[in-house]
Amino acid sequence: MKLRRNLKAICLIGLGLFIQNASAMEAEEPVRQVSIAGVGVIDYQRLFTVQSNEGETMDQFAYRIAPRIKAYSEETGFEACGVIAQKDDKFSVIVGTNFGYVVCVNSRSLVVEGFQHAGATIHSHGKEGRFNPSKTDQLFMGQHFTGRHQNLTVVHGQAQNDFSDEDRKSGAGYLAGKDGRLFYQNKGKTREIQPSM
């Protein structure tokens, strides 16, 4: 009986530590289900919303928020993403996740009210190295993962400072890379964004 109480206390202490650590990246809203045409229903969670500072260009705005997006991916292993939107000379982004290691869905409908898509997105890549794909990854990566032995499937993560082929096909956007680096690509051309003075 004493051993059972001690184990229960250890579990509660461990749970308390987990909850305390989990709050390092609190989300703006609970997880909800969204329907993606041709894919199915997936989880989506809004992580945070940011607006630009007075006089900030889109590059400057993306450079300022990129570390926060990358921090989420480094903490969880999941991609995070958002559509950069514009209203007059202001920019905004709603950053969310679909709990995918190699996928994150952007939607033009996920923008701050009164803002319109500015023609670019921002995202971070998830896990490096080998990993088992999440449910979201399996939905997007096709039938290869729907077999009887899907738990045995291992895939390789993405390059942290380089756009994937899928990124390039999806249009203009920023990649919040490793070591504080930020990249922009459009129409097959990539440039690294430098901090402005």
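Predicted model: local features only at pLDDT ≥ 70, side-chain atom pairs only at ≥ 80, totals over all residues.

Visitor: How many aromatic pairs does a search of the whole structure find?

Guide: A pair of aromatic rings is described by the distance of the centres and the angle of the planes. Searching the whole structure gives 4 aromatic pairs. One of them joins phenylalanine 78 and tyrosine 101, which are stacked, at 4.8 Å centre to centre with 25° between the planes. This pair links distant parts of the chain, 23 residues apart: phenylalanine 78 is in the loop between helix H2 (58-76) and E3, and tyrosine 101 is in the loop between E4 and E5. Both phenylalanine 78 and tyrosine 101 are buried.

Visitor: Why is the pair of tyrosine 174 and tyrosine 184 described as tilted?

Guide: The ring centres of tyrosine 174 and tyrosine 184 are 4.9 Å apart and their planes stand at 55°, so the pair is tilted. Tyrosine 174 belongs to strand E8 and tyrosine 184 to strand E9 (residues 182-186), so the pair ties together parts that are 10 residues apart in sequence. Tyrosine 174 is buried, with a relative accessible area of 1%. Tyrosine 184 is buried as well, with a relative accessible area of 14%.

Visitor: Which residues form one aromatic cluster?

Guide: The cluster consists of Phe78, Phe99 and Tyr101.

Visitor: Let us turn to the strands. In which sense do E3 and E5 pair, parallel or antiparallel?

Guide: In a regular strand the side chains alternate between the two faces of the sheet. Here, strand E3 (residues 80-87) pairs with strand E5 (residues 116-124) in the antiparallel sense, over 7 bridges. Within this pairing, valine 83 stands opposite threonine 121 in E5. E5 also pairs with strand E8 (residues 173-176), in the parallel sense and over 4 bridges. There, isoleucine 122 is opposite tyrosine 174 in E8.

Visitor: How much space lies in the largest pocket?

Guide: Rolling a probe the size of a water molecule over the atoms shows where empty space is left. The largest pocket holds about 640 Å³ of space. It is lined by 26 residues, of which Cys104, Asn106, Glu166, Asp167 and Ser170 are the closest to its centre. At least two lining residues come from each of E5, helix H3 (135-141), helix H4 (165-169) and E8. E5 gives the most, with 4 residues.

Visitor: How do the residues of that lining divide into nonpolar, polar and charged?

Guide: The lining of the largest pocket has 10 nonpolar, 12 polar and 4 charged residues.

Visitor: How many cavities of 30 Å³ or more does the structure hold?

Guide: The structure holds 1 cavity of 30 Å³ or more. About 50 Å³ of space lies in the largest cavity. Its lining is made up of Tyr44, Cys81, Gly82, Val83, Ile94, Gly96, Val105, Asn106, Ser107 and Leu110. E3 and strand E4 (90-97) are the elements that give two or more residues to this lining, and E3 gives the most, with 3 residues.

Visitor: What is the make-up of the lining of the largest cavity, in nonpolar, polar and charged residues?

Guide: The lining of the largest cavity comprises 6 nonpolar residues, 4 polar and no charged.

Technical notes:
Residues numbered from 1 in each chain as written. Heavy atoms only, no water. Pairing = 2+ DSSP bridges. 1 Å grid on protein atoms, 1.4 Å probe; cavity = no way out; pocket = protein on both sides within 12 Å on 5 of 7 lines; lining within 4 Å. Points joined across faces, edges and corners; volume = space filled by probe spheres on them. Nonpolar A, V, L, I, M, F, W, Y, C, P; charged D, E, K, R; others polar. Phe/Tyr/Trp six-rings, centres within 6.5 Å; stacked < 30°, edge-to-face > 60°. Buried < 20%, exposed > 50% of the residue type's maximum accessible area, 1.4 Å probe, protein only.
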